[in-house]
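Hi everyone, thanks for making time. I'd like to walk you through a structure today, so please have a look at the screen while I talk.

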Number of protein chains: 2
Amino acid sequence: MSKSPSNPKGTRDFLPHILSKRNYILDIIKNNFKLFGFSEIETPALEKNSTLLGKYGNEGDRLVFKILNSGDKIKKANLKAHSENNYSDFIDSVSNKGLRYDLTVPLARFVAQHQNDLVFPFKRFQIQNVWRADRPQHGRFQEFTQCDADVIGTNSILQEIELIKLYDSVFSDLGFEDIVFKINHRSILTALAKYIGLENKLSEFVSAIDKIDKIGLDNVLKEVEHLTENNSISNLSEILSQEKNNIHHFDKLFQNILHTKKGIEELQTILEFICQSSSFKNEIRFDITLARGLNYYTGTIVEVISKSDTKIGSLGGGGRYDDLTSLFNFKNASGVGISFGLDRIYLLMEEQNLFPKHIDKSFDIIIINFGLKYLKKLYPLIDSLRKNGKKINIYPDNVKLNKQFSYANKHKVINAIIMGENEFKKNQIIIKNMVDGTQSEYLLSEVNSELF
Amino acid sequence: MSKSPSNPKGTRDFLPHILSKRNYILDIIKNNFKLFGFSEIETPALEKNSTLLGKYGNEGDRLVFKILNSGDKIKKANLKAHSENNYSDFIDSVSNKGLRYDLTVPLARFVAQHQNDLVFPFKRFQIQNVWRADRPQHGRFQEFTQCDADVIGTNSILQEIELIKLYDSVFSDLGFEDIVFKINHRSILTALAKYIGLENKLSEFVSAIDKIDKIGLDNVLKEVEHLTENNSISNLSEILSQEKNNIHHFDKLFQNILHTKKGIEELQTILEFICQSSSFKNEIRFDITLARGLNYYTGTIVEVISKSDTKIGSLGGGGRYDDLTSLFNFKNASGVGISFGLDRIYLLMEEQNLFPKHIDKSFDIIIINFGLKYLKKLYPLIDSLRKNGKKINIYPDNVKLNKQFSYANKHKVINAIIMGENEFKKNQIIIKNMVDGTQSEYLLSEVNSELF
């Protein structure tokens, strides 16, 4: 037995004062998901390895936590494979399940599996933990919460508009005033690659562009230079530095490149629609350097950043994917989704002091404990206050007053109810304000929840 | 790639209409936890094997899901141990983490680890999933949700009273009217064992008694008979059949048995206090046959059952444990806690039809989609309705009306907002009641959230 117990590296215990802030954020996100017509689902933490593996690339497969088969199945370990350094077959022989790595592949599995029980277009949200066997480091965890909303089964551009409005509503409700939504379209990135002659190295090109916020324009250009053999790179510098937010520029520049028009028109429709909406609080900006990795996106992509703290990275992101569910043999179901980066939103809200005061207050009223005799007389009041939504903690033991008050102060509670021998005789209580120390007497019969 | 994807056996996908009911129950439990002054915490799903193992008995250790070490660590598998059938050492060599098996051991670990950051007595609640490698069968899952409230660091009997009142409040809020809280005390069970000469076979005796609801009194007596060599068993039959709910009987019967008086007095205080409480809605009953296994309980034990469906088993249970945190070297912290059996409560609520009507309604209003031009004019109304808490789903595509109406009906939504060409010209909308088919026209400027 370890003498100083601890949780595993890369995981976190959430104490009440932290969890109440996390839940404050999650409640706002969840409420908006519902206001925009999304229904909640949950999938198990455990998924079959056949569901998980092969979806996230080799590196992703390595980072999926695998569960050891239990009971007698462990006898079937393929020791020969291990001794031949064939660890992949060895792992196959001792594990057939793993932990959810994201919420997207489980969604695709869910939609394919339950297609006959769902109503399409299917709008779902899901807020659950995911696990990755990443090396733990500052700000990167092996267990963290993802918050996703997706629509499956429609290619209507209205979904992009609704999802951006949903983003806007959440970040406004959270109190942010410095949010920018960057938007781009995969077909414009493809056109750019074609334009500079890199259509055969699209994924390398996208992954270079993707790093612009981290390593800067000059370093991105150097990376792209290594990819190309002709001189079109000189244009790229000008494009990325001067025209990166100018969609009209690219409309003209790419007019002879196939399949680009549609992407540009879609973005223009979205931008026009959003900008004309009087309720839209934040800023939206076309940005040709927005890449969001390659993975499964095929259309519009979007990312949320803070103007005041760009170092913190994106606070959320999403986009359209045309063929995700076909991984599970459910074809022709275009999807689009967004997600929220809970941990970064939390950090930025702390930085900008956006959490409401008293959010970490655990309860509203403390009852000072003089013993069961007194509590028996107080309980009808306690019951009625609780029925009216007041959170009440009765100090567990009949101990010295200063110990009880110190407990109350540590919990930042404002009101204490006191009934000692004097008050008991007179059917009275004292309500003490723990902040300014003032106190007033009331007859038991006069007290109601509005006094607090 | 599997052609028909599925979740692992023993796990569940929750579709929206199921999840909304589960969350209805959880919200009521959570709200009551807060009203009674409990603070929420969360611990990671992953725990070190050194935290998990050795706490749940050999069978429990076997049922803990172990996580395969990732990356290069897999190279260190102890193949020799495996080939010598020493699977325990083999497992040790490939796994150092597992999945949370319950919320109690993580709580003990949490309290010991964070003792300097917590305020004692520490009242926490926790609602999270746990995992057990049980053979999946009807009603038994490998992944399920536990809902626990515990107080650590006080032996005040007020906690027992508060927790039973909390139970009463939750089951009343859920709408049950047939709940009984059975209550007993470990010291009374011990006294009973002594009384019939089985003090040296206490755990076998308790585990026999524990089965009375499942196998009936006669079979329990047979099991006890196998344990004993003298004739005191004849008394037991009478006690268990005629006096099992009569605490005064045992007060007299056990008056010469050491350490029993305190337990009986505690129960009497609790019963008297609860029965005098005018707000108490359900029934509480002393029951000497209540055993709740052996595990870590040392004082009062309690269990929740339904009078109308006793087959379903207990809907919750709890008790006092004096020394749980000493597992992690945190001494002298008596604890008491209760938990709720979410899955059984769900089943019984379905059986008794206790869920509110329309609980599976995903949204309040559907907007019929005639295209972006119309939606642009409708959006200020949509924005304002959403600000007023109305859940609104805009049908994603501009398709035939009957398809949109059929979607609305499948979602059991009551109100549809329609703006076609006629209404567009007149700045009007139609509100259609999808249940009775009636519809009325309104000027856009007249519509507000109170119409719905």
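I'll go from the pair of chains down to a few backbone details. One thing to keep in mind throughout is that this is a predicted model.

Let's begin with how the two chains relate. Chain A can be superposed on chain B by a rotation of 180°, with 0.0 Å of shift along the axis and an RMSD of 0.1 Å. The two copies are therefore related as by a two-fold rotation axis. Both copies use the same surface, since 100% of the contact residues of chain A recur in chain B. If you want a landmark for the axis, take Ile67(A): among the residues of chain A, its C-alpha comes closest, at 2.3 Å.

Now the domains. In chain A, the assignment gives domain 1 as 16-43 + 106-351, domain 2 as 46-99 and domain 3 as 365-451. The centres of domain 2 and domain 3 of chain A, taken over C-alpha atoms, are separated by 58 Å.

Let's switch to chain B and look at its sheet. This is an open sheet of 8 strands with mixed pairing, in the order S1-S5-S6-S11-S10-S9-S7-S8. S1 and S8 of chain B stand at the edges with a single partner strand each, so one side of each is left without a neighbour in the sheet.

Strand S5 of chain B, residues 122-131, is mostly covered, with 7 of its 10 residues buried. S5(B) pairs with strand S1 of chain B, residues 39-40, in the parallel sense over 2 bridges, and there Glu40(B) has Phe125(B) as its bridge partner. S5(B) is also joined to strand S6 of chain B, residues 143-152, by 10 bridges, and these two run antiparallel. One of the residue pairs there is Gln126(B) with Asp148(B). Further along, S10 and S11 of chain B run antiparallel over 6 bridges, with Tyr321(B) partnered by Gly335(B).

Most residues other than glycine have a negative phi, and most peptide bonds are trans. The peptide bond from Phe120(A) to Pro121(A) is cis, with omega near -5°, and the one from Phe120(B) to Pro121(B) is cis too, with omega near -5°. In chain A, Pro121(A) sits in the loop between helix H6 and strand S5.

As for phi, His259(B) has a positive value of about 65° although it is not a glycine. His259(B) lies in the loop between helices H13 and H14 of chain B, and it is exposed, with 11 other C-beta atoms within 10 Å. Asn329(B), in the loop between S10 and S11 of chain B, has a positive phi near 70°. Asn329(B) is exposed as well, with 12 other C-beta atoms within 10 Å.

Notes: Residues numbered from 1 in each chain as written. Chains lettered and ligands numbered in written order. Predicted model: local features only at pLDDT ≥ 70, side-chain atom pairs only at ≥ 80, totals over all residues. Domains from an automatic or database assignment. Least-squares fit on C-alpha atoms with pLDDT ≥ 70 in both. Contact = placed C-beta atoms within 7 Å. Buried ≥ 20, exposed ≤ 12 C-beta atoms within 10 Å, placed from the backbone. Helix = DSSP H or I, 4+ residues; strand = E, 2+ residues; numbered from the N terminus. Pairing = 2+ DSSP bridges.
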